[in-house]
Amino acid sequence: MSSIRLFVLDALARRGDMHGHQLRLLAEEEHAHLWTDISVGALYGALKRLAAEGLLAEVRTEREGGYPERQVYGVTDAGRQALAALQAATLEHVVLKPDPVDLALSRPDPDRLDDLAGTLAARLSTLQDLLAESRARTARARPYLSVGETHALLHREHRIRAEIGWHESLLAAVPEIVADERARALRPDALPTAEDLAARRRATPAGPPEGPRP
C-alpha cells in the first residue's frame, strides 16, 4: 500500500486540479508528516510518477509573480478508478510491521544485561512523553477535524498506549529475562543441522515456528 499515492490521488479528486506547490501546502496544513508515512518533499516525484502512469494528466501551466511556471495536474478517469481500488485495499489490509526492538530483545548483549532495565525504562519514558505530546496535538486540532480525521489521530494514541502497556509488562519480566540469558550463556544452543531443520519442517507443515526462538 502506498500512502503517498492515496494522498495525491485523493487530494486532486477531492480538491480539484493542483500544482506541486499547492499539494505541498495542503500536506503541510494537514501536518501529514506527523500522522502518516508521507514525506512532503516526495510529493513532487509522486506527481510525475502518477502522470507517467496515466493516473494524472497535465491540464495547464500557471505562473505567479516572478516565480517559474508551474505544471497543474488533474486526476484522470483511470486515476479515479485507481483511487477507489487503493482506498478499499488500504482499509481492508491490516498493517503490523515488525519492530527491530524484538530482535534486539531476543538477542541481548550478554555484557550489558545489567543495563537492560534502565534502557527499557528510558524507552517507556519516551513513549509516555510521546503520548502526552500526541494527546496535546489532538486536542489542539480537534475543533478543525472531521470525525474520521479525529479517529485517525486517536489511532496513534491507542498504539502508543498499547506500547506503554507492553513495556510495563516487559520491565516487570526483566529479572526473569536476565536470569534466562545468563543460564543460556552457560549452555549455548548448538547450530541446527540440516536434519534438525528437516525435522522441524515435518513437525510444522504449515511453516516455520513463529517467534525469535524455537
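**Note on the predicted model**

1. Serine 2 sits in the segment before H1; helices here (H or I, at least four residues) and strands (E, at least two) are DSSP runs, numbered from the N terminus. Its relative accessible area is 23%, so serine 2 is partly exposed, on a scale where buried means under 20% relative accessible area, exposed over 50%, and partly exposed in between (1.4 Å probe, protein chains only).

2. On the basis of the model: it is predicted, local features need pLDDT of at least 70, side-chain atom pairs count only at pLDDT 80 or more, and totals for chains, interfaces and linings use all residues. Residues are numbered from 1 along each chain as its sequence is written, and side-chain values use heavy atoms, with hydrogens and water left out.

3. Helix H1 (residues 3–15) packs on H2 at an angle of about 100°, and their axes are 11 Å apart. Axes are lines fitted to C-alpha atoms, for helices over the stretch in contact, and angles run from 0 to 180 degrees between N-to-C directions. H1 is therefore roughly perpendicular to H2; angles under 35 degrees count as roughly parallel, over 145 as roughly antiparallel, 65 to 115 as roughly perpendicular and the rest as oblique. H1 contributes Phe7, Val8, Ala11, Leu12 and Arg15 to the contact, and H2 contributes Leu23, Leu26 and Ala27, where contact means heavy atoms within 4.5 Å. By class, the residues of this contact of H1 with H2 are seven nonpolar, no polar and one charged. Ala, Val, Leu, Ile, Met, Phe, Trp, Tyr, Cys and Pro count as nonpolar, Asp, Glu, Lys and Arg as charged, and the others, Gly among them, as polar.

4. Histidine 31 deserves a look. The loop between helix H2 (20–29) and helix H3 (32–35) holds histidine 31, whose phi is near 50°, a positive value in a residue other than glycine. Most residues other than glycine have a negative phi. With a relative accessible area of 44%, histidine 31 is partly exposed.

5. Lysine 48 counts as exposed because its relative accessibility is 58%, whereas arginine 49, at 47%, counts as partly exposed. The C-alpha atoms of arginine 49 and arginine 5 are 9.4 Å apart in space, and the two residues are 44 residues apart in sequence. Lysine 48 and isoleucine 177 are 129 residues apart along the chain, with 51 Å separating their C-alpha atoms.

6. An unreviewed UniProt entry carries the annotation "domain: Transcription regulator PadR N-terminal" over residues 9–84. UniProt positions are given in the numbering used here, feature names are shortened, and annotations may be inferred rather than shown by experiment. In the model, residues 9–84 are 51% helix and 20% strand, and the end C-alpha atoms of the span lie 10 Å apart.

7. Helix H7 (residues 116–141) has 26 residues and should span 38 Å at 1.5 Å a residue; its end C-alpha atoms are 37 Å apart, which agrees. The expected span is 1.5 Å times one less than the number of residues. Leu116, Leu120, Leu124, Leu127, Leu131, Ser134 and Thr138 are buried in H7. The buried residues of H7 pack against helix H8 (147–172) and helix H9 (174–186). Alanine 139 also lies in H7, but is exposed, with a relative accessible area of 53%. From alanine 139 to leucine 56 the C-alpha distance is 36 Å, and the sequence separation is 83 residues.

8. Threonine 150 is placed in helix H8. Its relative accessible area is 8%, so threonine 150 is buried. Leaving aside neighbours within four places in sequence, threonine 150 is in contact with Arg142 and Leu145.

9. How do the axes of H8 and H9 cross, and within what distance do they come? They cross at roughly 55° and come within 4 Å. H8 and H9 are therefore oblique to each other. Leu170, Leu171 and Ala172 of H8 make the contact with Val174, Pro175 and Ile177 of H9. The residues of this contact of H8 with H9 are six nonpolar, no polar and no charged.
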